[in-house]
Amino acid sequence: MSYQVSKMRLTLRRILQALFLALLFSFSTLAMLRTFAATSSRSTTMMEHASAIKEEPPWIKTFVGFWPDRSLRSVFDEEGKEFTAPVVDDNAIEFERAISTTTSTTTTATSKPQTSLDDIFISVKTTKNFHATRLDVIIKTWFTLAREQTWFFTDSDDEEYSEKTHNHLINTGCSASHNRMALCCKMAVEFDTFLESNKRWFCHFDDDNYVNVPQLVRMLQKHDWTDDWYLGKPSIKAPLEILDREHMPQKISFWFATGGAGFCLSRSLGLKMKPLASGGKFISIGDKIRLPDDVTMGYIVEHLLSKQLTVVEEFHSHLEPMKFLKQSHLAEQITFSYSHYGPEMNVLSLNGFNNQIDPYRCGT
């Protein structure tokens, strides 16, 4: 009896061991199947994502970028999870290039050079004999709108007017006469001072000019200072024709902007002029062609550099009859001037202005 009980217990134990092993094998197999299924599903999803990249599906929120070897990329799926997918064609590279180009274009568009008053170097040519008459008119009118940007180039020290101009009076050391050498000498100093200022625009005016500063800025804003611009207005009806002293009897013809109306040069053009005109070379060229400063400027720009003058009709010199300018259009003009023709004054015809009450109106 005892022997049979022991035999039964041994048999039962073996059956239980076999069942345990069978259950263990079943659980292990099931776990392996689940792992394989998940892996297979993930690999299939990744390949589906990779092949769908060229279609730019809506669930792709962003590209993080390419790996250095450009064989993998990082993307985000619809749940916000990051994964890497192989690059299966060149569409992704083209997409990156397109994004790069778009970004570059946008940056260029938003950083297009813009002109403000601080970008302009304004020079006024004068002489000590006119400090008390002409400079006072400027100082009490349009200079108040551009104190930091305007500099006066004269031929003598003058402590009083240096103070009135906030130390913006420069003694060029040039002659006080009005001959072409003296005029070219002052223009040479003006030009070199502009180059040193690193400003975007050089605008020259005479001491008998009234400048509409806001309108000057608006006009320059229409032109890119990184391009070559020579802006002004000629005082003659045809290009100036002179003898070519190096190839006589040949002749040269060119336009020039009259200094009496004012003119502006972009920095791009100024830098191209530098090898020809800076460091006193402007004076040498003026002496060579035997003509004054504004003509020398036109000769350098139009003849030597082959850059054309762009006519700005809103510039006006003393050579024009001011009384013919329409009052309704005065606000659009940039410069005015004045002069004496015998007993007659060439000034603006402005209704409501009394010369004694307002002695600093333009033209007095």
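**Exercise 1. Helix α7 on the sheet**

Helix α7 (residues 267-277) lies across β9 and β12. Work out how α7 runs relative to β12, and how β9 and β12 are paired.

*Solution.* Before we start, keep in mind that this is a predicted model.

Step 1. Compare the directions: α7 runs at about 80 degrees to β12.

Step 2. β9 (residues 230-232) and β12 (residues 263-266) pair in the antiparallel sense, over 3 bridges.

Step 3. Pick out a pair of facing residues: Leu231 stands opposite Cys264 in β12.

**Exercise 2. The whole sheet**

Find the order of the strands in the open sheet of 7 strands, and name its edge strands.

*Solution.* Step 1. Walk across the sheet and you get β6-β5-β4-β7-β12-β9-β13, with mixed pairing.

Step 1. The edges are β6 (169-171) and β13 (310-311), since each of these pairs on one side only.

Step 2. For a bit of the parallel part, go to β4 and β5, which pair in the parallel sense over 4 bridges. Here Ile122 stands opposite Thr150 in β5.

Step 3. Check how covered β5 is: 4 of its 5 residues are buried, so call it mostly covered.

Step 4. α3 (residues 131-139) lies across β4 (120-125), β5 (150-154) and β6, and runs at about 170 degrees to β5.

**Exercise 3. Two contacts of helix α9**

Helix α9 packs with α5 and also with α7. For each contact, find the angle and say what kind of residues make it.

*Solution.* Step 1. Begin with α5 (residues 180-197) and α9 (residues 293-304): the angle is about 60 degrees and the axes are 8 Å apart.

Step 1. Roughly perpendicular starts at 65 degrees, so α5 and α9 count as oblique to each other.

Step 2. List who touches whom: Leu183, Cys184 and Met187 of α5 meet Asp293, Thr296 and Met297 of α9. Sorted by class, that is 4 nonpolar, 1 polar and 1 charged residues.

Step 3. Turn to α7 and α9, where the angle is about 105 degrees and the axes are 11 Å apart. That makes α7 roughly perpendicular to α9.

Step 4. This contact is built from Leu269, Met273, Leu276 and Ala277 of α7, plus Met297, Ile300, Val301 and Leu304 of α9. The class tally is 8 nonpolar, no polar and no charged.

**Exercise 4. Is helix α6 enclosed or open?**

Decide whether α6 (residues 213-220) is enclosed or open, and find what packs against its buried residues.

*Solution.* Step 1. Count the buried residues: 6 of the 8 in α6 are buried, so the helix is largely enclosed by the rest of the structure.

Step 1. Name them: Val213, Gln215, Leu216, Val217, Met219 and Leu220.

Step 2. See what they pack against: β4, β7, β8 (209-211), β9 and β12.

**Exercise 5. The chain as a whole**

Sum up the chain: how many helices and strands are there, and what share of the residues is buried?

*Solution.* Step 1. The secondary structure comes to 9 helices and 16 strands.

Step 1. Of the 364 residues, 40% count as buried.

Step 2. For the surface, the chain exposes about 21200 Å², and carbon and sulfur atoms supply 55% of that.

Step 3. Finally, take the contacts with a separation of 6 or more: residues 24 or more positions apart account for 62% of them.

Methods
Residues numbered from 1 in each chain as written. Predicted model: local features only at pLDDT ≥ 70, side-chain atom pairs only at ≥ 80, totals over all residues. Heavy atoms only, no water. Axes fitted to C-alpha atoms, helices over the stretch in contact; angles between N-to-C directions. Parallel < 35°, antiparallel > 145°, perpendicular 65-115°, else oblique. Contact = heavy atoms within 4.5 Å. Nonpolar A, V, L, I, M, F, W, Y, C, P; charged D, E, K, R; others polar. Pairing = 2+ DSSP bridges. Buried < 20%, exposed > 50% of the residue type's maximum accessible area, 1.4 Å probe, protein only. Areas by Shrake-Rupley, 256 points an atom, 1.4 Å probe, with all protein chains shown as cover.
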